[in-house]
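This report goes through one structure topic by topic. Please look at the sequence and the model first, then read on.

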Amino acid sequence: MKKLLNAIFLISGTAIGAGLIALPLTSVNLGTNILVAIIFFMVFVAYKTSMMTVDLNVANGKSASIVDLSRSISGEKAFIISMISFYTLSFSLLSVYFSGIANTLSSFFDFNDNFIIIICGFLLFFILNLKYSAFSKLNSILVVSLLVIILSAIIQIHTKETSIMTSVYVVPQSISASEIIAFLPIIFTSFGVQNICSHIFESLNKDRGKIKIAFLIGILIPAVVYIIWNSCVFENILAGDVQFFQKLQNHQILVGKLIQFLCKSSENMYMEIFFKILSLFAIITSAVGIGLGLKKSIEESVTSSKYMASAVVCGIPVALCMAVPNAFINILSFGGMIATVFVIFVPYYLLKKRLKQRMDFGDDLCLVFGVMIVLCELVRLA
């Protein structure tokens, strides 16, 4: 039971991260009904694609990342494709998380962004080299703390006095195609848990039944959190500053400004501290999950030294983050397109073409959705 709970916390913590900040920035013009529908569809996609990689681990007989699986099952071509996409996405996401932490802290304190980014690299290196038992406990504590802080923030928002006119999130009369195109890659990336499939497979002793439960519950938790959190954020902004909400709708608000507004609007010193901690914990828990999956893959494919693998995992994002200004939304959206390769396309190909496994309607639907994500990002970049 303890292992199952640790697995659920790791999955939830990996998913609840940048999405907590990115979704209000990108979903503001969608309306509640469309947002909820897309989020629950993403629960389905995230669960099905995770189980694809788990099934590959089952066929392989031992835990392995998608990069290592593609080489052992299909050969060098699939290995190179999955390796490039996996590493590109993982390093991009870590850069996003470091950028988010730096942007958040610099909006409240007189800190240099590059200094914060370097500290993030050292802290992640330390966490990734903890013993497994210590790492599991620390991760579980971080995720539970994150959920408690989110709950406290939601309660605070709902207990504030709001007028009838501003307490309900207003649904736009029309939604432009560009809003959907910009949002889909972000929401897809916000449910990115597939990189830890091999770790969950190993930690739950290859028990597929427990693994299914862990992923289903672990993915449902961030879905519920995202829905309630987005609703509360919009309600809070509408109640406090309609002009700020309009700027949000026009995509003129950056990460730090949104967090700063939520802190100030709480009108409570303790809740202001809670909001600051929330934004940091949300990003840290995801960074730990992504870093763990990346480290495991590097140890399998590049070097057996855990310290060298950790140094690579932490060093490259620091360099990228310092080189790319305003990396948060731009890289996060680009990451959605890259993720489709090793999250959907490669596992689907390996299962169907190499292992001759019969794919069901849900698997085919995930494949179509992956194509949609790629098209959305290509249109956005055009």
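## Contacts of K212

Two residues are in contact when they have heavy atoms within 4.5 Å of each other. Leaving aside neighbours within four places in sequence, K212 is in contact with Y47 and M51. K212 sits in helix 10, residues 208-240; helices (H or I, at least four residues) and strands (E, at least two) are DSSP runs, numbered from the N terminus.

K212 and V54 are 158 residues apart in sequence, yet their C-alpha atoms are 9.1 Å apart in space. K212 is partly exposed because its relative accessible area is 33%. On this scale, buried means under 20% relative accessible area, exposed over 50%, and partly exposed in between (1.4 Å probe, protein chains only).

## Basis and confidence

The model is predicted: local features need a pLDDT of at least 70, side-chain atom pairs count only at pLDDT 80 or more, and totals for chains, interfaces and linings use all residues. Residues are numbered from 1 along each chain as its sequence is written, and side-chain values use heavy atoms, with hydrogens and water left out.

The pLDDT is the predictor's confidence in each residue, from 0 to 100. The protein chain averages 80, and 83% of the residues score at least 70. Confidence in the chain is highest in helix 3 (residues 32-60), at a mean of 92, and lowest in helix 7 (residues 132-159), at 68. Over residues 161-168 the pLDDT is below 50, and this stretch has eight contacts in the model beyond near neighbours in sequence. Where pLDDT is low, the predicted coordinates should not be read in detail.

## A buried asparagine

Helix 10 also holds N230. Is N230 buried or exposed? N230 counts as buried because its relative accessibility is 0%. Apart from neighbours within four places in sequence, N230 is in contact with L23, P24, S27 and L35.

## Positive phi in two loops

N205 has a phi near 55 degrees, a positive value in a residue other than glycine. N205 is found in the loop between helix 9 (197-203) and helix 10. With a relative accessible area of 55%, N205 is exposed.

H251 is not a glycine either, and its phi is positive at about 60 degrees. H251 lies in the loop between helix 11 (242-249) and helix 12 (255-265). At a relative accessible area of 43%, H251 is partly exposed.

## Cavities

A cavity is a set of points, on a 1 Å grid over the protein atoms alone, where a 1.4 Å probe fits but cannot get out; its lining residues have an atom within 4 Å of a point. Grid points are joined across faces, edges and corners, and a volume is the space filled by probe spheres set on the points. The structure holds four cavities of 30 Å³ or more, and the largest cavity has about 120 Å³ of space.

Which residues lie nearest the centre of the largest cavity? They are L89, G192, V193, Q194 and V343, among the 14 residues that line it. Helix 5 (76-108), helix 8 (177-190) and helix 15 (327-354) each supply at least two residues of this lining.

## Cysteines

The whole structure has zero disulfides, a disulfide being a pair of cysteine sulfur atoms within 2.5 Å. C314 counts as buried because its relative accessibility is 4%. C376 is buried, with a relative accessible area of 9%.

Note on methods
1 Å grid on protein atoms, 1.4 Å probe; cavity = no way out; pocket = protein on both sides within 12 Å on 5 of 7 lines; lining within 4 Å.
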